[in-house]
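Hi there,

Here is the structure I promised to pass on.

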Amino acid sequence: MAQLVDLQASATDQWAPLLAARTRLGRSDAIRDILAAAATPGVLSLAGGIPAPESFPVAPLGRALDTVMSGYPTQALQYAPTEGVERMRAVLATMATATGAAVGTSQVLVTSGSQQGLDLTAQALLEEGDLVALDDPSYLGAVQVFRRAGARLLAVPGDSDGMRTDVLEQRLAAGARCKLVYVVPHFHNPTGAVLSAERRAHLARLADRYGFLIIEDDPYADLAFDGSRLPSTDVHTDRVIRLMSLSKTLCPGLRVAGLVAPEQLVRDLAGLKQGSDLQTNTLSQYVLAELLQDPGFLPGHVSRLQALYRGKATWLTRLLRERLPWLSFQEPRGGLFLWCTLADPRLTADRLYPRALAEGVAFVPGTPFCIDQDGSALMRISYAALDHTQQEVAVDRLARAFAAETEKARTP
Ligand code: PMP
């Protein structure tokens, strides 16, 4: 058996000398392994950051697809401009204007998910050794992109109002020079924090003073339980790149998102995108443009989404408070996540995790999200995927895993 493992290892290593250094940079097997384990049959997953399948607007998307395929099929199946299909750019410009500064179509680049927007931004702007400031903890997909681009990370602590911009200011005043500051302004992944209006304005003033760009990655903005939303930081400064994912508002599978930036930057980013994938899927863009151009669709859909996630969050948080007194977290205001602290010194989330899996429930331990801070007592739980009955079973399994691990810790 040992020999077999060795052979497998050397077969994998065979290619290592050919890999560029950046392929190894920012690699994170931790989350990949955790999500794979969470997908094991029989495991109830509180781990994934994926939207609830019942949130997808299946019938309206079907009708939009019919309209496209019966009205202008060859256009929708053809190559399209790298910047995006004009109609989709216009729809995204309207959505951006409704939630921030007025923008024109030429300031919009359609990307294959906001993940591509992040990657293009990093490629376009970051040199080896450049400094990127970001929340600690942060979205792992962003950390990987920045690390791979050779950036150094400046981890900034946060609280329920998001990034502590006062701490950022102190670091800047002490000489730190960042090129980018990355924020997830609504219902942060993983913390659930919302960057307050005051801090948005403060961040914008710092961007103007110190010359950095703000990346505002905002996939959860439509998921506020009370329907509220703060305007983008771009109402205060033009030093903002907005990443407008549609993955949580509509569905991730079509891979269409908007990137909003100053026009010259959009041109440079489009140049990079051309080399990567020529353009975002034409059919997806036309289908989404058809759907979003219908003025009656989005407001109703978004309020259904908000009610759906509010219901799931209320149910799960009540169960957790009743049955897992060793877990503490702030009441969620939107988004998909609870960022929890394991308030028992005998146990870490990393130790609880394999036991929880064995009991048939998965979550994500906090460590992979954390940059400088210690994440060993932290864990991310998502209320999105499971229905009420499954949530109840999942919580009972977590309770059993906790009891078994603490019992083990007590036994000499
Ligand atoms: N940013 C954040 C903060 C996310 O949580 C995610 C996905 N979970 C993404 C970006 C990726 O979004 P998209 O599907 O639009 O690429």
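Below are some notes on the chain as a whole and then on one helix. Please keep in mind that this is a predicted model.

**The whole chain**

The chain holds 15 helices and 15 strands. Its radius of gyration is 22 Å, close to the 22 Å that the globule rule gives for 412 residues, so the chain is as compact as a globular protein of that length. The C-alpha trace spans about 70 × 55 × 50 Å along its principal axes. Of the 412 residues, 53% count as buried. Among contacts with a separation of 6 or more, 75% come from residues 24 or more positions apart. The accessible surface is about 18,000 Å², and carbon and sulfur atoms make up 55% of that.

**Helix α12**

The helix I looked at is α12, which covers residues 282-293. From first C-alpha to last, its 12 residues reach 16 Å, close to the 16 Å expected at 1.5 Å a residue. At the start of α12, a side-chain oxygen of N281 comes to within 3.0 Å of the backbone nitrogen of L283.

How much of α12 is buried? The count is 10 of its 12 residues, so the helix is largely enclosed by the rest of the structure. Among the buried residues are Y286, V287, L288 and L291, and also Q285 and E290. As for what surrounds them, the buried residues of α12 pack against the helices α4 (58-71), α5 (73-76), α6 (86-99) and α13 (297-323), as well as strand β2 (108-111).

Key:
Residues numbered from 1 in each chain as written. Predicted model: local features only at pLDDT ≥ 70, side-chain atom pairs only at ≥ 80, totals over all residues. Heavy atoms only, no water. Helix = DSSP H or I, 4+ residues; strand = E, 2+ residues; numbered from the N terminus. Expected span 1.5 Å × (residues − 1). Buried < 20%, exposed > 50% of the residue type's maximum accessible area, 1.4 Å probe, protein only. Contact = heavy atoms within 4.5 Å. Polar contact = N/O pair within 3.5 Å; in protein donor to acceptor, adjacent residues only side chain to side chain. Rg over C-alpha atoms; globule rule 2.2 N^0.38 Å. Areas by Shrake-Rupley, 256 points an atom, 1.4 Å probe, with all protein chains shown as cover.
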